[in-house]
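Please look over the sequence and the model shown here. A short report follows.

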Amino acid sequence: MRILVNEEPREITTATLAGLLDELGYGDARVATAVDGAFVPASRRASWTIDEGARIEILAPMQGG
């Protein structure tokens, strides 16, 4: 299925947001997620299905100083 992840086209094989995070190597990383502009809390990622053409945003905290 083709989707956009952080504005980059991706071809994925999973159907859930949790599966996508695993597929992209995020695993159990603490990130914020949104699908088509709607925030998706971590507690709902396993049941949140991804549709063809979805726009996914994944934000990870950055350290710096």
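## The loop between S1 and S2

Asparagine 6 sits in the loop between strand S1 (2-5) and S2. Strands are DSSP runs of E with at least two residues, helices are runs of H or I with at least four, and both are numbered from the N terminus. The phi angle of asparagine 6 is near 50°, a positive value in a residue other than glycine. Asparagine 6 counts as partly exposed, at 30% relative accessibility. The cut-offs are under 20% relative accessible area for buried, over 50% for exposed, and partly exposed in between (1.4 Å probe, protein chains only).

Glutamate 7 belongs to the loop between S1 and S2. Its phi is near 70°, a positive value in a residue other than glycine.

## How the model is read

This is a predicted model, in which local features need pLDDT of at least 70, side-chain atom pairs count only at pLDDT 80 or more, and totals for chains, interfaces and linings use all residues. Residues are numbered from 1 along each chain as its sequence is written, and side-chain values use heavy atoms, with hydrogens and water left out.

## Proline 9

Strand S2 covers residues 8-11 and includes proline 9. Proline 9 is exposed, and its relative accessible area is 59%.

Which residues does proline 9 touch, leaving aside its neighbours within four places in sequence? The contacts are Arg2, Ile3 and Leu4. Contact means heavy atoms within 4.5 Å. Isoleucine 58 is 49 residues from proline 9 along the chain, and their C-alpha atoms are separated by 14 Å.

## The whole chain

Along the sequence their pattern is β-β-α-β-β-β. The radius of gyration is 11 Å, close to the 11 Å that the globule rule gives for 65 residues, so the chain is as compact as a globular protein of that length. That radius is taken over C-alpha atoms, and the rule is 2.2 Å times the number of residues to the power 0.38. Along the principal axes, the C-alpha atoms fill a box of roughly 40 × 25 × 20 Å.

Of the 65 residues, 28% count as buried. Among contacts with a separation of 6 or more, 54% come from residues 24 or more positions apart.

## Surface and charge

The protein chain exposes about 4,400 Å², with 51% of it supplied by carbon and sulfur atoms. Areas come from the Shrake-Rupley method with a 1.4 Å probe; for residues, only the protein chains shown count as cover.
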